[in-house]
Each structure stands twice: as structure tokens, then as C-alpha cells.
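Please look over the structure shown below before reading on. The briefing that follows takes the chains one after another and then turns to some local details.

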Amino acid sequence: MANAEITSAELDNIIDPPALVQGKGDLATITETVSRVAEIKPPKAWYVGFALSLGILGMLGAAIVYLIITGVGVWGNNQPVAWGWPIVNFVFWVGIGHAGTLISAVLYLFRQGWRTGINRFSEAMTIFAVVCAGMFPAIHVGRIWVIYWVFPIPNQMNMWPQFRSPLLWDVFAVSTYFTVSLLFWYMGLVPDLATLRDRSKTKIRRFLYGIFALGWTGANRQWHRYERAYLLLAALATPLVLSVHSVVSFDFATSQLPGWHTTIFPPYFVAGAIFSGFAMVVTLAVPARAMFGLRDLITLRHLELMNKVIMATGMLVGYAYAMEFFMAWYSGNKYEGFTFVNRAFGPYAWAYWIMVSCNVISPQIFWFKKARRSIPIMFVVSIFVNIGMWFERFVITVTSLNRDFLPSSWNYFSPTFVDWATLIGSFGLFFTLFLLFCRYLPQVAIAEVKMQTPHAHSHSAH
Amino acid sequence: MSLYQFPRWSDAIRPILGVTALGAPVYLVLLFYYGASPKTLAVGYEPTQPVPFSHAVHAGELGMDCRYCHNTVDTAAHAAIPSISTCLNCHGDGEIGKGRIHLDKETLAPVREAGAGGDPLEWVRVHDLADYAYFNHSAHVNKGVSCVECHGRVDQMDVVRQVEPLSMGWCIECHRNPAPRLRPLDQITNLGWVPEDGRTREEVGLELMEKYNVHPRQDCSTCHR
Amino acid sequence: MPPLERSDSTRKYWRSLNELEQTPEFQELVKEEFPAGPEQEWTEPSRRRFLQLMGASLALGTASSCRWQKEYITPMVDRPEGWVPGSPRHYASMMQMGGVAQPLVVTSYDGRPTKVEGNKAHPSSQGSTSIYAQAATLEMCDPDRSQAPMRMVDGVEQESSWEDFAGFVRDHLRGQLGSGQGLAVLAPSSSSPAFAALRARFLETYPQARFVEWEAWSRIEEQKGLQGIFNANIRPIYQLAAADIVLSLDEDLLGIHPDQLRHARDFATRRRPEDRTMNRLYSVEPSFTLTGAAADHRLPLRGSQVAGLLLAVQHELAEKHGIGQGGAPASAPNTGVFAEEQVKKFVTAVAGDLAAHRGSSLVAAGPTQPASVHAAVAALNAALGNRGQTVEYHVAEGAPAADPSELVALISAMDGGQVDTLVCLGTNPVYDAPVDLDFAAAYAKVANKVHFGLYRDETAVQSDWHLNAAHWLESWGDALAWDGTYTIAQPLIAPLYNGQDAYGFLGMLIGRGEIEAQSWIRQQFGAAFGPDELTWRTAVQRGFQPGTSFSRSRETAVIAAAPSFDAAAAKVWEKGDALEAVFRVDSTLYDGRFANLGWLQELPDPMTKLTWDNAAVIGPATAKALGLKDFDLAEFTVDGRSIQMAVYVMPGQAPGTVGMPLGYGRTECGHVAGLNADDIDPVGFNTYALRASNGMAFAACSVSAKTGFYQLVSTQDHHAIDAIGLAGRADRLGDLVRGGSLDEWRDHPDFAQHQVHHPPLKSLWKEHEYEGYRWGMAIDLSTCTGCSACTIACQSENNIPIVGKDEVFRGREMNWIRMDRYFTGDEENPEVQQQPVGCQHCENAPCEQVCPVAATVHSSEGLNDMVYNRCIGTRYCSNNCPYKVRRFNFLNWNKDLAQEGAEVRKVSMNPDVTVRVRGVMEKCSYCVQRIAAARSERTNKGERIQDGDVVTACQQVCPSEAIHFGDLNDEGSVIRKKHENDRAYAMLAELNNKPRTAYLAAIRNPHPDLAPAHAVDSHSDHEEEQHG
């Protein structure tokens, strides 16, 4: 909840915003700049990146095959750390997958014009991130060949899944989120697909874009319906922004493990998710706008605004960290207390301090406008935040588990090469999908951006 | 503007698309549910046995009690398949105290050989539960659940075949509502039994549940250990 | 224990076994029985198929339909009357270790021995067993057992046959040697009368032959010491139940003592304060033993200083209390350690207690101590009037301890070329003989080297002949228990590899007609106890012949000289002094004979918690002085011979000593322990390489600086714990493992229930109602010695796999019962508390609420059912379990079962318990299969399950009766009383899990002068607060 308010508040402060569309911002140019990307041969960098991601994706495939043939023992998981990197990665990716819907839906409802430059982009990112996230719970179970038992399918055993289990809520929450995000994204794509269809030279392109454009003509009636539907979807998607990661946080919060069993988890996780999501958008937008010459559409202002959001949510997360400690101390529960002391100064202290410095300290540089508007700085910080947020999940999962109630079962967790392969591999999957998107689909919502052009404004009723 | 529009005939596809989109999951579920269930796979399994032993003749026409051969059924988890010597009690080779029925019948040759120290018989298992499901015959037989409830009218089968799915759901149904499957203990092996004085099995069953103190357990550990 | 088979069980047994042998399937049982198919990955079929198949024979066809794999049922040709397929039967039997019989009862399914229990009726077992007996079923079907006679023909080993060997005996022994000149037999200690008779026969056949007994771990010093006083072969029998004060001088009464089981049980009767007045145990020892851990006061001293302490005590008694005739010393050592305050106080306290409890105190000395100490101890007991009260000296006819000097003589004869043929009849001297004697070299000089044993071991590979022995589960036998009771072993299965038993083998050597163990033993039995069949049958069925224990010694004058003590030994150890190596048989592998049993290799040492290794155990201060720490490799040298060994720092190890457990470093044993042939490295370090005949127990030892790193693996404190961890542990320990002194208990009998204060507990869900049974367990921490027999019994009962060193290092051990060991207090001389932790079967089980597929659910009787075949392996339940007692099959631990030649392992698996595939969670089930068995037995009779019908495996094996199980709804039940006991508390009750396992607080009985000042529990009652 908090994040949305802060965000809007942040944005209300903007006085005399510079134009959202820079350069020779007439409609034709916009169409040209965006569409061109999907039509001309992409730059060398694209091929290099794509080949690289594809290779890493291959590694992921190999790792998963090995995993399924041999058993989850190929990971570093043990007693008591029964959940290791797979779950960490899952939560990490789900988090990344938040900015998309937030930017598209929430900012849309708040009528934040500046979202248009980046929403398409971040929606795509969302979908690909959720794909990566969804993979992990599946491959992390011991017997993946019977994983369908988590779905309520009638069967000869007369057995239903156990609806009291947060894991089950997860299944539904994430799949719902994925479906809605996908619809929302596609909905927005339709007019632009039509544009590409109309511009396409070859038959195949025309045919394919044509199919997916669903016969869009840009008729008034269509636009009318489109706006209505888009608004509805936005409204539908908004609660999901809060629900998904809240439910994910239940996996931890509803257990009785010190360090997991905390009521602040839902808001804390949502804030963290948006934090990491925005960071990932910046990480992707910065090179992309350079690579595909979209500087005029994804402008410094967009980036600066996002950096503000990053700083705000970053501080929210920092507040949550502090609160956890306070609660642990204030509860007077010795197990709770120990867990947090152990986090900060125990065998995993290094992980904890990486997390803190990346998530809480590094964004503070955005107090300075210079830093907010400096491409290199924001890029570096966004990378830091990504790393920090991964470590946050690592700290929560592993350090809580490795030393719980009975000292006799304390143990240390160390990852295996398969852990690494699956983590890195998931990035391979993500970037493969993302690069394909950059190559074949409009990265910026052409139609929507047009509405932000001076012309649009001059016509619009202010 | 044709460029922008799908051809007319494409309208025809829409309903079809819709139906498949909605129907596919339902279809898959049903396919899985019926196709993969023991109802389809296991019922009717009727392997040929090394010796064409006819339950219809022995249990049916001759009216032998099931427990003459399967003599551990009411004391142990396992209903013993009779040892060769049991067969030889009637189909003996003229030994003192042994019957001489069908002394030289061809189909009985394996039995006689086994009895004379040859290779033992290898009967094919018909009713085969999963290895992680523990079934106890005595627990059922002593509470008024007759053989017929799971094995069907064996006394009418020349070749034994599986008539019930023996699936978990099928077991549970009975554990939830045992009444209609109960009968007096003295009628346990009377497969053709029907309640006299026209009472329904429900009524008899409810009575017997009291009498035999039948409370089927539905805990997982009842069958899985 | 279910009743033994009624009379003529043996006849029935043999008949049925003959049935089995008739069927060709049985012959091929080992190889062909259970080919593993993919769909069987769900659950190892063999377990349950026992239940499905008739008699014992079964073969599998290939799947010919789309349902389960096609199965065949092969009924017995003639099923014995009363034989119920798939139902367990129980036969009394016995296992002999170091010449002492361990009376047992073996459970058998369809002719397969699957579980070993103690013989309840037998005085020296009373139903419990050692870990070694528990592991016997594994040993019997160990694929590494030698499976055929082998012969070395000019340097090349080739398979031979029993006929060949018979030929060798005929031609060589009988033919050439004739009188037995140059013939020698090296056998392990045996108290078997029948075997003794056979030995006599052997010696009369070969008058010139030698017959030598050898045990790596022998109580010869005790025997010598007492011989001097009683002029007979004496065995002291302790009555711990009658002893108020026990002083143990390096004697592991509750650990590796042959009479450990009875000791533990008797000792326990005096550790439950509500039952009887508590006893007080003082222990003086160099390295931690179970006895030291259980002691109220433990004094870590070097082995060579123990005699000094005895002197001091004697002197104190004589001076202050006027006790002690004859051997009472004029003076006592008062230099070095004996000048230390704590030692002085200890001596005063001990002497005071002993004097105050004349006739109800006990002093016991261990086999590591020299004869003079044993003599002095006997005299002291006599002086204290304990003889006849707490200790009795019995004349152990026909049960002498093995005397190493005989081996010395034999070896010198071998060196002198006087031995032409040496038969190692079940011994492995190449591995375990004193290193200075260099047995291997002498052995090489012997023309015909014959080895007879279970494994192709170190000795076998150097022999010309290797004959494969039958396991005791496969053969007849007889021997005397520690108290002399005549005990009989009957076979449970025909020899898997057509091995020969010791009787038959010795008979072969004699070569005067075949000796068949059964009839031979029967014959000897008849001679001793009367020939009538009934007596014999009854004895076999019962497993022993009552009233045959040793008779008391009549010797009256029990006087001994003061123990010899070298004053120099009193010196306090400082850096630079020589260390004292302490050799002791390993707590899990014994002298190494069990090295190939994975269960025992993986069973953590009760004190160090090390698995899959032994280590040089050094005290913290000593380690600091030497600059050594955990996992350091260092070179240890005892007069000129040295080995590399890993260091493990252990609180409570006496300063200046280094504990060196024997039994590791096997090079020719099997795929578990080490096998040169297959390049399988030995497990652990062979400390026999430092053990010389002049230092069998203790030896001066020097150590180098760190030479390298070696990863030792323990199941607790997997990694060294940092300061924060230690603080956190210290902070919560008192709440988890509750205990106090006898005085605290007197002031507040229920102090344990007021340890933790927490707000009232409310449950989220509607509480379960339990009308029928309400199963619960109680574990008495006051009597638990931590011997870990429960862990092994559980492993055997529940088909629990082992995972190997690497996986234990990762923290993936599978044992359902984790024996938690905690130290408190001074790290040089800490107090120890052991706590067995299995699934607590919480009523509000946290694991149940988080499983997405309901694979772990609550039963109507309060069991926390774990359904393996429903589990998909999310491991969420484990995360949410505060006790971390759930075990996950990270990999397919049972892979090896499918491997070529290893199928035989399935023979001894428990058919009533599913074997788990990889990817599923498992945990203690409260032995639900035993509950089910009891249920069907009772309900078929229309009865309710009675108290005592259900005995869990851990409860059954526990020597100190620390574990109880039963129905909490049954007012009269023992378990109910235990749960209502004042000392009963629930671990982590503040989480409102409502565990069904109650722990009874440990009560110690410290001497007021030695007791650490205890802050008596502040009894603060807040209205709204609850206790747990």
C-alpha cells in the first residue's frame, strides 16, 4: 500500500515537468523510431547478447536435466536448510516481476503520463521475470513427476491438495498474476502490432503481425473499447501488485520459524519487490535506449523519476530491516532475538551486510539530482540494488534456517555448482526472452506515447 | 481497408477457438481421470493360470468354503494361497488318506509333479495392490466384510478376474460408508448372500456396525506405513 | 516381546527351511528375487512383497500389462502347520562377543531374519541389546561377506571348495603332521562348552598342536589381578541396583563392559528420584566414556594416574575412617595433580561417601588398569563390606580371558619356524595383533596359512587358504553369558553362501568324521543337563538354561598389596611432556570386526559425534598448548612407530592424553570400510599401528606440529560454532534439556515445568478430540546414557538408509533418532547431557499445516502420519519443524539395493515398512507398523490394545528403560504415569505445538562439597502466565 502513496506523492512534487518526449517529437517520428527497431537488422550488440543468453539458457537446461535425473541432492540444500537457492531465486524473480504491473496499472490509474515511455518495456520484463520465477518452485520439489498433485484435479485417490498451505496459495497467486499481466501486456500491444503490420513489407510479417493485431483498424469505436478494457484490466491488475508478493511472503510469515514468523512481511516484501523491479527496469532501459536509439522516448526524466521511486522504496526496505530488529528485541523472545543477532554477526554476516549496503546505503546517492540524472551512476546503483535484493532473500531464507531452535541441528549451507548453474541460467532464460522481445515487438507503447506529445496535449482538453 | 480486417470466414473460427480454449482443460482432466484410473486399467484383468483351477467348480458347484484353501484369511493379513499338499488332499496319487479324484487328469499333472518334489506352481497374482498399501484380510473378514465385496462372485468364475478397481478412492468410499457392505459373520463366505426378510443391506449393515463395533479408520497410516 | 513359538519350534523351523531349500527360487533368492523396475522406484517392492508372497519363494515376470508389474505367487509345496505366510515369528538365539554370550530373540519373516531384540527372560539382557547385536541382520546379508573358499596357488588366488580343503586336511594335517607338531590354531575367546569339548578333541587328535586364543580387547588384567587373590579365574559381577555410591576407575560400566546392559538397567533404577533413593556415581577416566558422561562427578586423569587416585582414596579411608586392612597404603601421592585442589576435594568426597555407605558402595576398575589395581580394588570392596552386597566374585569356569602372552609365544614360535600350519579360526591378527610383534612377518614364515572368517580380511589375503564362515544367524552355537548362564543360538536361515560354522570347521580340522553343530551341541547339552528331549527343546526355545550361572568364590581372605604407582606419573602435564595415548575399542565399531557395517560407521560416536572416522581426541587446553585444532593432521609417534591422524578437540579429555579409538583403518574388509582390491580407501586411521604389547592400554606418545588438513565429519556442530552461536546455545540450553540437582528436585519436584514462562497458549484451529487411543512417548533424561542403541534399533526396524561421509558432511544424515549431546560448565571437565530427539508427534503439528498435498497429516489417534507415497518433496514441513527431526531423501539412498550382488541386502529389510524413494520426506512414525500389528491381533479377538502391547523399537532396545510408549487415554498405563510425573516437560511447549513426547528432567546427585553453586530456580508466578 505504502509504496503507491509514496510514489504518487513523489511525483506530485514535480514542478514544471520537462516534455516527456524529446527531440523532433512529431507523431510520424515517434512511429518511425519505435517501429524501425523491429524492422531493420538489429545492431551487432544484439546478436552478441542473444548468443550469450542462449548459451546460458542451454546451461540451465543441462542443469535441470541433471537435477531431475539425480535428485535435488545435487543442490546444497541440507538439514536444516531445506530451502536453499531455488526458493531464493524464486522470490527474487517474482520481486522483479512487480515493476511491470505497478508502472502499467497503478501509474495508469494515477494518470502518471510519464509511465508511457517505459511501461511496455517493464510489462515485458514482468512477464519474463515471472516465467523465470515460476520455474523454480517446480524444479525444487523432490518428485517433480507428481507435482500436479498441487492442482485440485479430481483423481482416483479422492485426494485434494491441502488448502491451508501457503505454498498452495502461492501456486494460485503467481499463476493469476502471470495471466493478468500477460493479458494486460498483450492488450496494450494490439494497436502497435497493427502499426507494425501496416508498415510491414514482407508477407510473413504482415501475416503474423496481422493475426496478433486482431484486425485492429484504429477506428474510433475500437479506441473507445480499447480504453475501456485497458482501464478495467488496470483496475484488475492493481490489487495483484499487492497480493502476489504478500502471498509469497506468507510462505515465510505463516511459519513459526524465528526470522520468518513476522507480521510486517507482506508490506515489506511488496516494497522490496517494487524496489527491485524498478531497479531492473533501469538496468534494462539504460542499455536498451542506447542500443536502439530510443533516447528521445525513454528520456532522462523517465529515468530520474524511477530513481526517485527506487530511493523511496529503498528507504522503506531499510525501515523494514530496522523494524525486524526492533521487534525481535522488543518481543523478548530469545529465539527471535538470537536469529537477528546471528544474521548481523553470525556466520552469514557477510551476506547481511552486502544486503544492507546495497539496498539501504547505495540508493541514498539519489538525494543528489546530479546522481539521479547520471546514466553511469544510476546504472551501477541499479545493479547494486539487484544484487542486494537477491541477498535479502538469501538472508531471510538461509540464515533463518541454518540456526533455528535446537542447537544440535545447526548447520552451514554452501551452494554447489548446480546452484550456480540454475541461478545464472535463469538470467539466460530471462535475457533470451527479453532480447527476442526487443527485436520483434515495439519496445515503447507508440500509441500511448503519442498522447504525451505536445500535439496531443494541445488537442487535449486541459 | 481489407488489409486491416480478417476475412469473413474467420468469424466462423471464433466459436471453435472459444470452445477448444474452454474445452481443452476439461477434456484433459476427464481423460486423465478416467483413462488413467484403475477402473479402466485394472478391472477385468484375467490372466491365464498354470493350472486351469475353476473356482466355479470348487467354491460354486461343490460349495467348498473359501477358508478350506485360503485358511489364513481370518487370522492374518495375508490370505494364503494353498500349498500343493492341500490340492493333493483330494487330488492325491493314492497315498493313504488322500483322495484320488481325477488321478490321471492331464491338466492336474503340474500339481502332481510339484507334489512329487518337482517345480512348485507359479500362480499369477490377480489382485495386486501397490507395494506401499498395506491391506489386512483378517481385519475385514472378522468385521463382516465378505470376500465378494472386493473379489466379486469368485464362486461363479472359471478363471478369476478382477472386478473392482481396488483404487484408493474405492477403498475410502467403503471406509466412509461400510454399512451396505457388511453381512453376518456366519455368512462371510456365502458370496451369494442376500438379507432375509427383505430388509435392505443398509439396515442390516447399520445393525452389524453396532454389533461388530465397526469403525473403519480413515487415517493415512491405516494403509500406508 | 511376542511369545516365543510354542514347543517343537525348532523342528518346525527346520521343516520349513527344508521347504525353502526345495524350491529353486530360494536357491536363487539372493540374485533373482527382486529385480528393481522403474515403477518400483515408488517403493522398494521387496519390503512389502514378503507379505504378498507365500512361503518364501517368488519370481517376477516382465510386465505384460499396463498395470503393475506382473507378479507370481509360488506357494510352498507343503506349508508347515501353523506357518502363516508374511507373519513374523520369533526365535531365541545368541551372539558371542569376546567370549561372552549376548542372549537375543530374532524376528523372522518367511524364513528371513529381519530384526534382533534382546531376550527378555534372560538375566543378562532383560530385553535390551547392544548396537552390535542390532546390526547383526545387516552383517548377515552384507554383500561383502566372503562367499566361497579361496586358495592361494603360487601367488594367484583362485576359488576353491570345501572338498579341496577337506583333502588338504586329510593329506597334510592328518597325513604329514599326524601328532600336530607344528600345527597351531588362533581362535577368538570362546566360552562355548561344546566348542571347548571340540577343542579338547582337537588336542587329543593333535597332542602337539597349540590352541591359542586372541582378542584385541581382553579383560586379562582384571583376571590376573583377581587370580592372585582368589586363586581362581574370577569374574566380578556388579549389582549396581544395590550401590548407593559407585567409584569407577576407568571402567566403562555402562559402555563397552560385557555386562553393560544389565548394568545400565540396574543403574537406572537408582536414577529415578521418585522411585528409589538416588545413587552417586564418581568416574575417573582419561577419555570420555558413557559412564563418565552419566557420572555425577567425573575426574579426568591420565590412565597412569588412576592407580594414584586409588592410593589416595585408600589412604584417606585408612587415615580418616579407619577402613582398610592389609593393602592400605602408608602414604599417598601428594605431588603433581594430586596436589591440585579439585583432586584433593574429589578424593575427600569419594572417601567420605564410601565410608558412609559401607556395604552399599562399589569400586570398579577397568580392563585398562594393571592387575595390581584390580587386586587392590577387590580388597577395598571387601574392606568396605561390599562383597556380597554390590559386588560378587564368581568362579568363571571355562570362560578365561584371552591372554596376549600366549600370542606372543605363538608368534615367536612362528618366527622360529616351528609352526608349519597356522589356522586363524575367525581371528584377524594381521590387522589387530600388537604391532611390535609384527605378526605379518611371522605369518609369512608359516608354510600353510589357513584363514576362516566372515570376510576376506587382512589376514585372509595373506593366507594360502581362506574358508568362508557362516554368520551366527546362520548357525547353531552355545556360549556362557557374563554371569555364566548357558545360552544357545539357533540358526534363522540356511547359510547364504554355504559357509561353515566354527564347530563344523574345527570338526573338519580334526578330520574324524563330520561334526554337525546342532547334534554336537545337543550332545554336549545332554551330557551337562540331562539327555531328555524336552529339556533341550525348552532350552532352545527359551534360548538359555536357567540356573546355570557361575558359582561364588569361597575365598575369605581378600587382601592385596597397595597398587603399584610410579610417583613420576603424578606430574601435571605441560607442553613438552610426552602425551599419553589412550587405546580403547571404538564405541561403534568395537575392535574393528564391525567396520563394514554402514549403520555402525554412520552412527555418531556418543561423545564426539564423529561419524565415518576415528580421530586423535585431545582436550582443549592440551590442544592449545600443542597448537593443534580440529581437523589438523598431525603425526603421532609411539616408540618409533608413527601414523598421521586427524585431531579432534574434545572437552573433558584428560590433559596430556590423546584418545585413540581402535577399529578403523581396515584395508581389506569391504566396500564400506575399505578394500585395497577395489581401491577403496580405509575409513579412519588404524591406531593398531601404534599399539604395542607393552602398551595395550596406555603408551607414551609424541606428536608433531600440524602436517595437513583432514575433514572429520560429525552430526552435531557440523562446523565449529562461533562466539554468537555459543552464547545463543548457552542461553537456551537450560530450557531444552532441563535438569537439576537432587536438592532442587526436593525443593520443587516440578521445577522442570516452571523453567519457561510464556503467555497463555491459544490454538488457531479447533483442537482435535481423541476418543480412542492417544499415543504418546516419554523419555527419561535422568536414566538415558546416550548409548545410541535406540538409533540403531530404529534404523533396523524402519529400513533407514545410510548416506555416507560426504552426505553427512552436507548434513543429510537420515537417522530418525538424533542423539543430542550437550556440554555444560568447565570445558576441561564438563557436565554432559544426552537427549534423544525423534519426531515429537505434536498435536498442533507445524509440519502438517504447510504441506501443500497433505502428505503429512494427523491421525485420529494423534499420530503425525507421514505418507511417503503422497509426498512431493517441497521440504516445507522440515523448515517448519522446530525440532528439525524430519529427514529428506535428497538422493536415492537405496540405489545400492538395485546394484549387482547387493540385492541380498533386501533379505533383512522389514517388510512392514515402506522403503523410501528419493525426493520424499521421512521421520519417526512411533513405529506405526507395530501399532497396526498389535491392533489387528487384538481387534481380531474383539479386544482393545492393552498397555504394553505396542513396544517401539527404541523402547524395546533401551538398556536403561529411558523410553516408554503407550496410550495416554489409558489411566492405568505406564506412559500416563510418566506424563503425569513432576519431572515431565514438553520441549518448546511455548510454541503451543503440544508435543506427544514428554521429557523427564535429568536429576543429578552431586556431592555437596563438589556441587557447583546452583541458583535455585526463582519460582515467580505471574497470574496470566503459563509454564511449560
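This is a predicted model: local features need pLDDT of at least 70, side-chain atom pairs count only at pLDDT 80 or more; totals for chains, interfaces and linings use all residues.

**A strand pair in chain C**

Glu285(C) stands opposite Pro300(C), a residue of strand β12(C).

- Strand β11 of chain C, made up of residues 280-285, pairs with β12(C) in the parallel sense, and the pairing runs over four bridges.
- In a regular strand, the side chains alternate between the two faces of the sheet.
- Strand β12 of chain C, residues 297-300, is covered on both faces, with His297(C) and Leu299(C) buried on one side and Arg298(C) and Pro300(C) buried on the other.

**Chain A as a whole**

- Chain A has 18 helices and zero strands in its secondary structure.
- A compact globule of 462 residues would have a radius of gyration near 23 Å, and the value for chain A is 23 Å, so the two agree.
- The C-alpha trace of chain A spans about 70 × 55 × 40 Å along its principal axes, and 60% of the 462 residues of this chain count as buried.
- When contacts in chain A between residues at least 6 apart in sequence are considered, 82% of them join residues at least 24 apart.
- The accessible surface of chain A is about 17,200 Å², and carbon and sulfur atoms account for 74% of that surface.

**Chain B as a whole**

- Chain B contains 10 helices and one strand, and read from the N terminus its elements follow the order α-α-α-α-α-α-β-α-α-α-α.
- Chain B is more spread out than a compact globule, because its radius of gyration is 26 Å, well over the 17 Å that the globule rule gives for 225 residues.
- Along its principal axes, the C-alpha trace of chain B spans about 105 × 50 × 40 Å.
- Of the 225 residues in chain B, 41% are buried, and among its contacts between residues at least 6 apart in sequence, 63% join residues at least 24 apart.
- The accessible surface of chain B comes to about 12,400 Å², with 60% of it belonging to carbon and sulfur atoms.
- There are 20 positive and 27 negative side chains in chain B, and the centres of the two sets lie 6 Å apart.

**Backbone details in chains A and C**

- Most residues other than glycine have a negative phi, and most peptide bonds are trans.
- The peptide bond that joins Gln79(A) and Pro80(A) is cis, with an omega of about 5°, and Pro80(A) is placed in the loop between α3 (44-70) and α4 (85-96) of chain A.
- Asn158(A) is not a glycine, although its phi is positive at about 55°, and this residue lies in the loop between α6 (116-140) and α7 (166-199) of chain A.
- Is Asn158(A) buried or partly exposed? Asn158(A) has a relative accessible area of 30%, and therefore counts as partly exposed.
- Asn992(C) likewise is not a glycine and has a positive phi, of about 60°, and its place is in the loop between β42 (984-985) and β43 (997-1000) of chain C.
- Asn992(C) has a relative accessible area of 10%, so this residue is buried, given that buried means under 20% relative accessible area.

Technical notes:
Residues are numbered from 1 along each chain as its sequence is written. Chains are lettered from A and ligands numbered from 1 in the order in which they are written. Side-chain values use heavy atoms; hydrogens and water are left out. Helices (H or I, at least four residues) and strands (E, at least two) are DSSP runs, numbered from the N terminus. The radius of gyration is taken over C-alpha atoms; the globule rule is 2.2 Å times the number of residues to the power 0.38. Buried means under 20% relative accessible area, exposed over 50%, partly exposed in between (1.4 Å probe, protein chains only). Contact means heavy atoms within 4.5 Å. Accessible areas come from the Shrake-Rupley method with a 1.4 Å probe; for residues, only the protein chains shown count as cover. Lys and Arg count as positive and Asp and Glu as negative; His and the chain ends are not counted. The place of a charge is taken as NZ of Lys, CZ of Arg, CG of Asp or CD of Glu. Two strands pair if DSSP finds at least two bridges between them.
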